[in-house]
Amino acid sequence: MKILTTSQIQELDEYTIANEPISSIALMERAAKAITNVITERWGAESAIVVFAGPGNNGGDALAVARMLSELGYTPTVYLFNTNGKLSENCAINKQRIIENKNIAFTEISQQFDPPHLTPDTIVIDGLFGTGIKRPLSGGYATLVRYINQSPAQVISIDMPSGLMAEDNTYNITANIIRADLTLTFQQRKLSTMFSECQPFIGELMILDIRLSQAYINQIDTRFSLLEENDLRPLFKPRGDFEHKGTMGNALIIAGSYGMAGAAILATRACLRSGAGKVTLHSPKCNYSIIQTAVPEVVLQMDCDETVYSEPIDDLDFNAVGIGPGLGRHESTAKALIAQIKHAQTPLVIDADAINILATNNHAVQLLPKNTILTPHAKEFERLSGRTNQNSYERLCEAREMAERNEIYILLKGHFSALCIPNGKVIFNSSGNSGMATAGSGDVLTGIITGLLARGYGQEDACKLGMYLHGLAGDLACESVGKESLIASDLIRFLPKAFMRLNT
């Protein structure tokens, strides 16, 4: 799914109107009908509904919804805010239609406003402002938003919670943003709905298909997109009947230190489960007996040091190298890592402590070979970039610029993990759940992507498949054990089922 900017959303509306063809007011009716259908499916006609409509097209949507609900036996109370004496054309049309409907309690606000009492049984329809706002709400609108937020009413926002900008909310005023229980957005996700700090305002999100032009959506070039299951099936490489371990890829995992054998085990087992024909683990001597017992399928290569990774490994005979899980940050480890990167001849996946080591070495990112894959979580990325970001939008912009500048892949881990690719585009992942917020999940992801690289996938496809399979395994595990009890080993246990579901 493509994620459009505010200007592209407006262009999509205009293209649909010109090419369907359909009038602007008829398109508004279509959108209002879709919203009305959701409301009537969830709430009965006895519900106390209060509609707050703004002066623009978002307000026009809200007025149309109120009229449709009234025609179905509901008794909405409607407030239209027209403080500047100027309504959009479609909002004005719907205002007149509301006035002609004698069954609707309608008030137009031009100056003072005495707000209605909102109870736990009240359903507020927020149609004040949609995607077009460019600055924080202030004055009377901010006061109204705060009044709604402090009330016990259930809130339904049309397209976007009023006050929440569709992309960048860095300088927004959070107290002046509607906190919706349900947001009904049109056709495509908006960028800000992908960010964790915006979730408290959005509540449950439903995307309503109002049949905006698919031809325009197909041809428009977008910087952001959301990866979905059907996008991945064409990427799978068939495994021929006469393949053997020598033709299915040879992966090297460099992981573990004293007390951190578990990270090495998780990454290695995930790599094996991702289809690599052979996996070698390089780890300190102290991990020998633990790993031989836990992962009998791995070829174990011991470091000369007892407790840490301390020597770069010749990677010429490998198809992919994953490095970082449980590695530690010992001085000798840092030196070995930098040497490993400088002399790399094989695709790299860098995670965890390997990223933290890069963050402490000035200009180390510039040493990375082109198309290297980094898989940081938010704090690891901030250490790497040297900046403490105010929010997810700033962090994403920084990661996108770093990936483009250095011609590398940066996979920012999170609820919607974001893959920043060297051409400046960003691909969000749609699988996964909060049960995966547990130690070791990132080690599993490193192993999966390394295994896919070794198996013969290119960097972009390995990242897309890897992050989706990782999340899908988490979703399948969640169905079995629930969110609270999910651990990283469960992801590996359900990885085969994730592969089977996609490779059909």
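Helices, in these legends, are DSSP runs of H or I at least four residues long, numbered from the N terminus. The model shown is predicted.

**View A. The second largest pocket and the helices around it.** This pocket has a volume of about 750 Å³. It is lined by 34 residues, and the closest to its centre are Lys413, Met436, Thr438, Ser441 and Gly442. Two or more lining residues come from each of α9 (261-273), α12 (352-359), α15 (441-455) and α16 (459-481). Helix α15 gives the largest share, four residues. By type, the lining of the second largest pocket splits into 19 polar, ten nonpolar and five charged residues.

**View B. Asn429 and its surroundings.** Asn429 sits in strand β18 (residues 426-429). With a relative accessible area of 3%, Asn429 is buried, because the cut-off for that label is under 20%. Its side chain makes a polar contact of 3.1 Å with the side chain of Ser431. A polar atom of the Asn429 side chain also lies 3.1 Å from the backbone oxygen of Met467. Setting aside neighbours within four places in sequence, the contacts of Asn429 include Leu226, Leu227, His415, Phe416 and Tyr468.

**View C. Cysteines without a partner.** Searching the whole structure turns up zero disulfides. Take Cys420: the closest cysteine sulfur, in Cys397, is 9.2 Å from its own, so the pair is too far apart for a bond. Cys420 is also buried, at 0% relative accessibility. For Cys286, the closest cysteine sulfur belongs to Cys304 and is 12 Å away, again too far for a bond. The cut-off for a disulfide is a pair of cysteine sulfur atoms within 2.5 Å.

Technical notes
Residues are numbered from 1 along each chain as its sequence is written. This is a predicted model: local features need pLDDT of at least 70, side-chain atom pairs count only at pLDDT 80 or more; totals for chains, interfaces and linings use all residues. Side-chain values use heavy atoms; hydrogens and water are left out. Buried means under 20% relative accessible area, exposed over 50%, partly exposed in between (1.4 Å probe, protein chains only). A polar contact is a pair of N or O atoms within 3.5 Å; within protein, one must be able to donate a hydrogen and the other to accept it, and residues adjacent in sequence count only if both atoms are side-chain atoms. Contact means heavy atoms within 4.5 Å. On a 1 Å grid over the protein atoms alone, a cavity is a set of points where a 1.4 Å probe fits but cannot get out, and a pocket is an open set with protein on both sides within 12 Å along at least five of seven lines; lining residues have an atom within 4 Å of a point. Grid points are joined across faces, edges and corners, and a volume is the space filled by probe spheres set on the points. Ala, Val, Leu, Ile, Met, Phe, Trp, Tyr, Cys and Pro count as nonpolar, Asp, Glu, Lys and Arg as charged, and the others, Gly among them, as polar.
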